[in-house]
Amino acid sequence: MRFGQLAFMQRHERTPEERDLVRRLDIFLMSFGCVSQVIKYLDQQNISNAYVSGMKEDLALNGNELNYFTTYFSVAYCIMLIPSQIIMTHVRPSYWLPGLEICWGLITGLIAIVHDAKQVYILRVFLGLCESSAWPGMMTLFMHWYTPSELAKRMGFYHSCQAIGSMMSGALQVAIINTLHDANGLAGWRWLFIINGIMTVVVGLLGFFLLPDLPNRVNPRAFWFKKGHAQLAMERLERHGRAEPKKVTWDGAKRTFSNWVTYFIPVMYTATVLAPWGYAYFNLFLKSLKNSDGTPTWSTSQVNAIPIAGSAINVVFVWFWAILSDLLRTRWTLIVAQAVIGLVPCIAMSVWTSHPDTTSVATAYASYFISYLTLGTAPLIFAWVSDLLPQDPEARSLIVGVAIATYYAISAWSQVLVWPAVQAPYYKYGWQSAVALWILVIIMTCALRYIDLKYLRPKQEDLRFASSTASKPLGSEQTGEESIHDDEP
């Protein structure tokens, strides 16, 4: 890495109008996205918090029902992902995303009145169908509005809201147990879903006015969007070699699935999400611990509260990796770095689960917390997609959908096999499979880097040269900030 390639050394000098546009995008687009993401993750995570806070006993859940709650949600989520990405290019995002958020808020509230696992399964299916639009939809919007040196930071901040939602979920559950449990005859875990549902509907209503839609098709209800910002946004896309947003067509779909990136990114993304997944069962580990007299080591409130510290670590390091990515102008090296770090807790936990009597429980505590350091790969992967395919917005939209759909298609069945609740916390294959996944991430990332240098980069340069010669007068010079390419060889 050469020092001269640092992003701040080559940063385009923004005009006051451009600074105003970016500031407004951060205040309104990012604020809605982040609050929505917190609420979304709260709605997802609360099923786990509710499970360890009375739901298991009240609904007589004595098997792998918790895993099946995730499975039904994941299958539905997977089914709707790609259609949602396509629909969002034909329907205004300011209608599509908030409308579905209101729907899933209502469904979340209905979980408060269930009486058995089958009712939860049905609601989780509809919840997955509605929630599938949110994360990939917002990531796609960020690609249209932010420049390469701005993108990873915003994606990272948005992505970190998952951890903030997780922190709030634990804290909210603790507060509800202490204040609302048995209020009006309802258990605390039921109040959790009621409160979440109300919050989700309110945020969804705000989305109709806060989302700007697309640079070439602005939301007329976006009161904060100034006249002239649309043209400025289009100029920013052109300056960085980005094509304007387009509706997904059949030709675009065929072109997408003939591209190397379409097959590498889903594998990488899926592996980076599944590899550290043991952290999601930190609360089950804590609940399983017993004192010498057989009493629980941690109370229910503590089981929900302790993972909040891990989520705080997650937030900090998602920001760290994303900011470093934009600063150093690289994506792939930091993905590999997280994979190397991720191998450490996976190997340690493989030893602890096999020999719990001879391996200190401190090893398990440390491993769970270290796992939170490696949850910042998604912003880097999708920022890299934007760098790899700057001239193909159709492909970017589809690849985001395909990547997340691939993850959910695999996690829908693999989690029951790899992380069965009945084995917690001594999983037979969980941590060993995670080691293999992190190694796969390293191999795939390095391979895609080679393909980028060998095949994709020359095509991009040819397109940029053709575009610049066609649009500029003879003798004019290119100015402004260039698109981020991972550290040039």
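Which helix holds Phe 32? Here are a few friendly notes to read alongside this predicted model.

1. Start with Phe 32, which sits in helix H1, the stretch covering residues 16-58. With a relative accessible area of 3%, Phe 32 is buried, because buried here means under 20%.

2. Next, look at what surrounds Phe 32. Leaving aside residues up to four places away in sequence, Phe 32 touches Glu 101, Val 203, Leu 206, Gly 207, Leu 210 and Leu 211.

3. Now for the cysteines. The structure holds zero disulfides. Cys 34 is in no disulfide, and its nearest cysteine sulfur, belonging to Cys 161, is 3.6 Å away; a disulfide would need the two sulfur atoms within 2.5 Å. Cys 34 is also buried, at 7% relative accessible area.

4. Cys 130 is likewise in no disulfide: the nearest cysteine sulfur, that of Cys 103, is 4.8 Å away. Cys 130 has a relative accessible area of 10%, so this residue counts as buried.

5. Finally, where does Ser 133 lie? You will find Ser 133 in the loop between helix H4 (117-131) and helix H5 (134-145). Is Ser 133 buried or exposed? At 1% relative accessibility, Ser 133 is buried.

6. Zoom in on the side chain of Ser 133, which reaches the backbone oxygen of Cys 130 at 3.3 Å. Not counting residues up to four places away in sequence, Ser 133 touches Ser 84, Trp 96, Leu 97 and Leu 100.

Conventions: Residues numbered from 1 in each chain as written. Predicted model: local features only at pLDDT ≥ 70, side-chain atom pairs only at ≥ 80, totals over all residues. Heavy atoms only, no water. Helix = DSSP H or I, 4+ residues; strand = E, 2+ residues; numbered from the N terminus. Buried < 20%, exposed > 50% of the residue type's maximum accessible area, 1.4 Å probe, protein only. Contact = heavy atoms within 4.5 Å. Polar contact = N/O pair within 3.5 Å; in protein donor to acceptor, adjacent residues only side chain to side chain.
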